[in-house]
Amino acid sequence: MCQATVSVTLLGFLLISAIAAPTKKEDVEIYRFHINSTVTSRYAITVITSRVVNQHSESKEINFQVKIPKNAFISKFRMTIDGKTYDGVVKEKEAAQQQYSQAVARGESAGVVSSVGRTLEEFKTSVTVAANGKVTFELTYEELLKRRLGKYELLINAQPMQPVADFKIDVYIHEDPGISFLEVKGGLNTEELANAVTTTRSGKEAWVHFYPTREQQTMCKSCTETGLNGDLIITYDVERVNPNGDWKISNGYVAHWFAPMGIQQIPKNVVFVIDRSGSMHGRKMEQTRLAMQRILGDLASDDNFGLIIFDSHVDVWKQELLQATESNVNLAKSFVRRIEDQGATDINSAVLKGVEMINRHPREGSASILILLTDGAPNSGVSNPERIQANVKEAIGGKFALYCLGFGFDVNFDFLEKMALENGGLARRIYEDSDADLQLQGFYEEVATPLLHDLQLNYEGASNLTQTEFGLYYNGSEIVVAGEITDNSLESFKVEVVAFSKSKKVKYEETVSLRDLPEVPPQHENFTQRLWAYLTVKQLLRKELTLKGEEKEAAKKEALDLSLKYSFVTPLTSMVVTKPQESDTQVAHKPKEGEERGRCHDCLLVSQGRRGGPVGGGFHILAHSPPVFHPAHSPPMSHPGLPGLQGLPGLQAMPVRPAMPVRPGLQRERGISGISDYEVAEHQDYDYFFQIEPQSADFVTMNPRPTKISQFQMTSLPLPPANSVRFLISSSSQPKPLCYDIPLASKIRLLADPSSQFSMNGELTLYGGKGFKQIAIHYKTNHHLTISTSGINYSDGQNAVNFVWGQEPTKHEADSVSVILRNNEVDVTIGSVRVVFLLHKEDRDVFLWPAIRQQPKHGSLQGILAKTDVQYEKLLGSRIKINNQEESASLSTATDYRLHSAPSVECWLVRLQFALQGELSDFTVSQL
C-alpha cells in the first residue's frame, strides 16, 4: 500500500506547522488547509482543518500529524469520512491504555510517530482512504499565552510539503484594554511573501491573514518545489492604563490579569551555581562560559552576586557577595573564562553552599535568587535525590527562589523540577544546540528585573481560586488569577493586591461595579470558566509533583476530574478515537516534560511496523489497523470550535463578573510571576454550484447546492453619508488609517498596470452605499473576468467558466490565471496581481468588496487601490500632512469590508482629492 503524510505543527507560544511526505500530485492532494487561531484576553484557541483527497487508483493510508505547545491542551479532535464524523473522547489514561493494549494483544498493527522538541509534543493519526475518497481532519487546542519580556508571541510555522490551492492562516486577536503594538515577522513575512500577509488593527482588535498563492508557496527563500517552510510570528502587547489590571467576569467565573508598570527595580542578591563536571566537556562548557560573560555584563550596578563552581568539589569565587561594580564584574568574567571541566557531580554540597552565601548576606529591600546549572545527575557526596531535595528545602526555608537549569537530556529533570518547585522557582531544560548560550541568557533576562516581592492577591466573593500568592513579580511578566463567584447577586466585586516594592509596602485596590460591565454574548459565556479550568489543572499538576501520600492522590484526582470534565488531554488523560470497527482505536497521551527520551513507560509504540524507537516524551497517538473508507461526497463542515467559543473576526469582548475564598491547597502556593509554567464570528463553509461552459456547448452541471450567504453583525457606529461609499487606506506608520468617500454609482478604476496589460474596474451600487455591484478584470487581450453579486464569469477567448454564488467550493487554473471560489469569496490571481473578492450581505443589501493581496511593486500602478499604504503625519489639532500638504481631518469611523467580519474602525476622514492626491475624474472610467 502506498502512503502519504499530511501534518501540521502547532508550536511555540503558538506554533502551527504542516508536514507531508513528498508525494505525486496525482496520488494524494491536500486541497484545503486552514489554520484559524483566535486569541481573546491572551487565551488562544486554534482550529486546524485539513482536507485531503486520494486521487490514486488504489486505497492509501493518509496520516495527520500535529505538534502542539507543551503548555497547550488538546480539547477536540474529529475526522469526517464519507459524511460521517468520528469524534475523539477523553478518558482516564489507564483506561485508554488498557483499551490500546487489548488491541495490540489481538495482533492489530499500530502506526505511531512520537517526538518532542523544545516546546513541542506530537499528535498523529491515520486513516486508509479508498480510491478517489476524501477525509477531513479537524483539531482544536487551547493555551494561555504567556507574557515574556513585555510581549506575547504567536508563532506559526507552515510546512505542508505540498503546494495547496486553498491555503489560509487567519489570526484574530481581541484584547479589551486595547492592543499597544503588533508586529508580524518571521520567514513567511519575507519580501517574496510580504504581499500574502495582511494586517489590520482597530483599537481592541487585530487581524492577520496569510494567503499565499500556489506560486508563492514555491518561490520564497525558504520554499521549495514541495511548498512552504517557515515561520509567521505575531508579537503584541496590550495597553496597561489601569495599574490594578484587566478583568473578565462571565457565567459565574472571574479572571484577573495583573501586570503593573512604572515600579522601581528591586536590587538582587543572585548566586550562580555552575556544574563543571566532566560531562560538561566541550561545547556545553564553552557555551556556559559565553552565556555567563553576557549575564554578568547585564547585572545592575546595585545588584550583589556570587559564583560557585562544582564537580566532586565545591569552589567559591569569593566568600562574600560582591556589588556588581564594573571592576568586580570584569574580575568575575576573567574567573568564568578559566573554568575547566573535570570530576563528578556533587549537587547537594554546591547548592547548600549557595544557600549559605545568600543567608549570610541579608539585605533590606532586595530579592534573593539562586540559579543552578547542571547537565547530569548527582553522583558524588549525597547522591539520593530525595535526600538532596529535603536538605535544600530545609536550608532555603521559603525565603527565596531556586531555579534549576538542566542542560541536555542526560540530566535528571524530574529531580530538578521538584527541587525548584518546592522552593518557589521552576526548572527549565537547556537544549544542546548551537544557541544554548542564548537560551541561558534568555532565561536570565526573564528574572533579571524583580519589581515586587511577597505578593498576595485577595478577592471578595470568590472561591476555588487559582494561585494567589507569588514570591516575585518580574518586569515584563504577568500574573493571572481565576476563580468561581460565590454570590451571583453581588453588585460589585473587590480585589486587593498587597506586595512589597524596593522601599515600601504597596497596595492595589479596585471595586468593580458589575452593572458597568458590558453584557457577555451567549457564545462567549464559557470562556472564563475554561480559562479557570486550564489554570487550575496546570497548577494542580505542578503541585502534585511536590506532594506525597494522600495529599498527592487528592491533587491528582482533582486534576483528573477537571481534565475529564473539560475534555483536556493532560498527563493524566488520553484521547480515544474509535473508528467504524470497535477494535479500531487510537490513544493520544500527553507526557510530562521530565519523561526522558526513549523511556515512555506508559506508551506501547509501533512506528510503521517497528516497535520501540525514541519517544522523547512526545504526544502519542496510537492507531490500530486503519479501515478503508469508500469515496462519497463529503459536505463541507463548519469548524467545531468549542462550546461558547466560536470564530475569528467579530469575537466580542467578554465582560467579567467576580467572586473568590481560595482553592484548598493552592492558596499557600508561592509562585513567580511570568516564570511559573502555566508553562469566530462563526467560521463556516458554504456550498457552491459549478458550471463549465465551452463556447457553443451545453452546460455541464455538477453538485448543485442551495445558496447560503453569511450574515454579518454590525456595530452601531456612525456610517458614511447615504450618497457615498467610504474607503480606507492603511498606514504602516500611524495607528489610524485614512478614509474618504466616493459618490454612489461611480465607475472606478480600481487597479491598472499598463506594463502587464492588467486592469480592474468596479461599479458602485446605486442604493445602499455599501460597496460594488460589479467588478471587471481584463488581462492582456484575451482574459476577461466579471464578478457580480449574482455570479462570476471568466473567459480566455476560447472557453468560458461560470461560477454561481452558493455552489460547491471549487477552483479553475489555466496559464497564469487562478480562480478559487470558497466561503463567499473569490480568490483570483492573474499575472502578478492577486485579489480576493468578498461577498457581503447587510441589511438586505448584497455587495462586493475587493481586497488586494498581492500587486507589483513598481511605481507605475494606477487606480484607487494602487496605494495600499499611506505615509502621513499627524499634526496638532486635527490636521494631517501628506507630501508637504496639510489639511483638516475629522475623526470618524469606517467599515473595513476587506475582511469577512467587516469591523468598524476609527479613521481620519479627509477629502478624496487629499487622500488620493488627485481628482475623482482621474479615477473614473466610462465603462467597466
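**Reading buried residues and links**

Q: Is R822 buried or exposed?
A: Buried means under 20% relative accessible area, exposed over 50% and partly exposed in between (1.4 Å probe, protein chains only). With a relative accessible area of 2%, R822 is buried. This is a predicted model, in which local features need pLDDT of at least 70 and side-chain atom pairs count only at pLDDT 80 or more, while totals for chains, interfaces and linings use all residues. Residues are numbered from 1 along each chain as its sequence is written, and side-chain values use heavy atoms, leaving out hydrogens and water.

Q: Which residue meets R822 in a salt bridge?
A: A salt bridge is a side-chain nitrogen of Lys or Arg within 4 Å of a carboxyl oxygen of Asp or Glu. The partner of R822 is D827, at 2.6 Å from N to O. D827 is buried too, at 3% relative accessibility.

Q: How many salt bridges does the structure hold?
A: There are 36. One of them joins D741 and R726, with the closest N and O atoms 2.8 Å apart. This pair links distant parts of the chain, 15 residues apart: D741 is in strand β42 and R726 in strand β41 (residues 724–729). Strands (E, at least two residues) are DSSP runs, numbered from the N terminus.

Q: Which cysteines form a disulfide?
A: A disulfide is a pair of cysteine sulfur atoms within 2.5 Å. The structure holds one, formed by C739 and C907, whose sulfur atoms are 2.2 Å apart. C739 is buried at 0% relative accessibility, and C907 is buried with a relative accessible area of 0%.

Notes
Helix = DSSP H or I, 4+ residues; strand = E, 2+ residues; numbered from the N terminus.
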